[in-house]
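Please look over the sequence and the structure shown here before reading on.

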Amino acid sequence: MKPYVKTLIGALTVSTALFSTTAAYATDVSYVVQSGDTLWIISVKQGVSVDRIKTLNGLTSDVIYVGQKLYMVEAKVYTVKAGDTLWLISKNFGVTVDQIRQLNKLTSDMLYVGQQLKITDGALPKVSGVTTPTTTTTTPTSTTTTPTTTTTTPTSTTSTPTSTTTTTPTSTTTTGTTTPTQTTQPAPTTEPTTTTPPTSEPSPTPTTTPSSEPIPTSGAVRPTAVTQWPSITYVVQAGDSGWSLSQKFGVPLSDLYRYNYMKTDEWFDAGQKIAINGFAPRNYDVFPGMHVAPSKYGVIADWFFDGQYVLNRNDQFQLTDVDTGKTVQVKMLGGYNHSDVEPLTTTDTQTMKELFATWTWNPRAVVVWKDGMNIAASLSGMPHSYDTTPTNGVDGHFDLYLKNSCPHGTTTDAYQAQHAAMILKAVGK
């Protein structure tokens with residue numbers, strides 16, 4: 001056989017061996033480029049087309065470098081919804097909480113609605129052809145509770161809009177007492193059904209934007225109440241996030257949280273009315289540092305004008321039973337019309353069983369002790385619906401009401417009247 005024929009046969013043999021070996025490989029999630037690699041060689045090794053590799057990794061040319069990590073598959077991604085926790089998401093997808101944390105480089109368990117989480121490793125969908133639109137936006141001037149749809153997504157997805165100079169809101173004695181309607185969290189399936197829905201929230205006169213948050217440096221001094229909504233407010237829609245609202249209105253995200261007395265790791269609930277260019281109404285009947293120690297009786301605080309701002313999702317605090325003085329440590333699961341709480345440990349659950357004798361909707365008078373505040377409250381004794389603390393010996397969570405709290409779904413007037421009576425008892429009346 002002539003030499004060039006042998007060479008050709010040898011080349012074909014090597015090529016055939018390479019493809020035969022490649023066919024035995026399972027596609028890896030990712031591949032680190034080695035010396036001598038080309039996209040074609042990696043394509044053969046991994047069984048993924050060159051075009052697919054380029055699409056997954058956002059490559060616009062065939063240029064690659066040694067040590068470069070290239071994804072071979074697309075990640076499974078989940079969009080966070082109201083009521084989600086890392087534990088619930090991990091159970092739904094059969095992965096661990098630690099896996100989700102590591103894949104998404106999370107430093108805490110805090111989530112926000114609309115957040116995208118990797119459930120499996122791989123390229124994010126945005127690098128496989130889905131891009132964020134880059135249009136401009138203007139700040140709306142509507143004075144209604146729901147803004148007009150004349151805004152578009154801003155050009156920059158990384159820079160923070162500059163806040164404008166503002167003035168201090170007027171302080172009057174007018175205080176709202178009725179409650180907004182919220183819709184996103186499902187009603188507990190075992191709660192009684194209703195006859196009368198809660199009254200709708202009044203529409204206060206617009207005010208100008210304050211220059212700083214009305215919270216004093218000393219806890220002994222009561223802050224000045226904010227009695228009116230600012231000129232721009234918004235009713236949160238499903239799918240909104242703090243970031244998207246910040247971009248929509250051209251307001252720094254930090255200001256948006258600050259105006260609504262929220263921590264930066266919290267999220268907005270669909271149906272929630274929020275302030276855009278100034279602080280939301282706040283009574284300051286309770287505020288951190290006002291008391292030096294737990295007390296048998298507490299102070300009345302309206303849920304919508306104080307309670308929702310001092311009791312936040314994932315907070316831990318103490319409940320003291322007014323009749324017996326027994327204490328229970330709880331974690332706040334969430335809640336936007338009232339607080340949903342879970343006992344922290346099996347010991348706390350056992351104490352609750354002793355207080356209620358049997359699980360019942362009939363509430364007891366309790367005092368919340370948190371951050372130097374004694375707050376009059378009413379705790380029901382019926383576990384129901386969501387559960388995020390599987391090691392505490394009880395399935396579900398419990399209703400904790402403050403003044404003017406109402407159900408997430410519907411309930412009877414009698415049930416709300418029971419809570420109202422227990423709150424008065426927790427004040428010492």
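At roughly what angle do the axes of helix α4 and helix α5 cross? The axes of α4 (residues 86-93) and α5 (residues 97-104) cross at roughly 105 degrees and come within 8 Å, where axes are lines fitted to C-alpha atoms, for helices over the stretch in contact, and angles run from 0 to 180 degrees between N-to-C directions. The two helices are therefore roughly perpendicular to each other, a label for angles of 65 to 115 degrees, while those under 35 count as roughly parallel, those over 145 as roughly antiparallel and the rest as oblique.

This is a predicted model, in which local features need pLDDT of at least 70 and side-chain atom pairs count only at pLDDT 80 or more, whereas totals for chains, interfaces and linings use all residues. Residues are numbered from 1 along each chain as its sequence is written, and side-chain values use heavy atoms, with hydrogens and water left out.

Helices and strands are DSSP runs numbered from the N terminus, helices being H or I of at least four residues and strands E of at least two. Where α4 and α5 are in contact (heavy atoms within 4.5 Å), Leu86, Trp87, Ile89 and Ser90 in α4 meet Val97, Ile100 and Arg101 in α5. The residues of this contact divide into 5 nonpolar, 1 polar and 1 charged, where Ala, Val, Leu, Ile, Met, Phe, Trp, Tyr, Cys and Pro count as nonpolar, Asp, Glu, Lys and Arg as charged, and the others, Gly among them, as polar.

Another part of the model holds a closed barrel of 6 strands, which runs β7-β8-β9-β12-β11-β10 with antiparallel pairing; two strands pair if DSSP finds at least two bridges between them. From one strand to the next the twist averages 45 degrees. Helix α9 (residues 346-356) packs on the sheet, touching β7, β8, β9, β10, β11 and β12, and its direction makes about 105 degrees with that of β8. Helix α10 (residues 413-427) lies across β10, β11 and β12, running at about 145 degrees to β11.

| Strands | Sense | Bridges | Opposite residues |
|---|---|---|---|
| β10 and β11 | antiparallel | 8 bridges | Trp369 and Asn374 |
| β11 and β12 | antiparallel | 2 bridges | Leu379 and Leu400 |

In the hairpin of β10 and β11, which has 2 residues between the strands, Asp371 takes a positive phi near 50 degrees. Since 9 of the 9 residues of β11 are buried, this strand is largely enclosed by the rest of the structure; buried means under 20% relative accessible area, exposed over 50%, and partly exposed in between, with a 1.4 Å probe and protein chains only. Both faces are covered, with Met373 and Ile375 among the buried residues on one side and Asn374 and Ala376 among those on the other.

Thr360 lies in strand β10 and counts as buried at 19% relative accessibility. Not counting residues up to four places away in sequence, Thr360 touches Ser380, Gly381 and Met382. The C-alpha atoms of Thr360 and Met382 are separated by 4.8 Å, although these residues are 22 residues apart along the chain.

A nonpolar core is a set of buried Ala, Val, Leu, Ile, Met, Phe, Trp, Tyr and Cys residues joined through side-chain atoms within 4.5 Å. The largest one has 27 residues, of which Leu311, Phe317, Leu319, Val368, Ile375, Leu379 and Leu400 touch the most other members.
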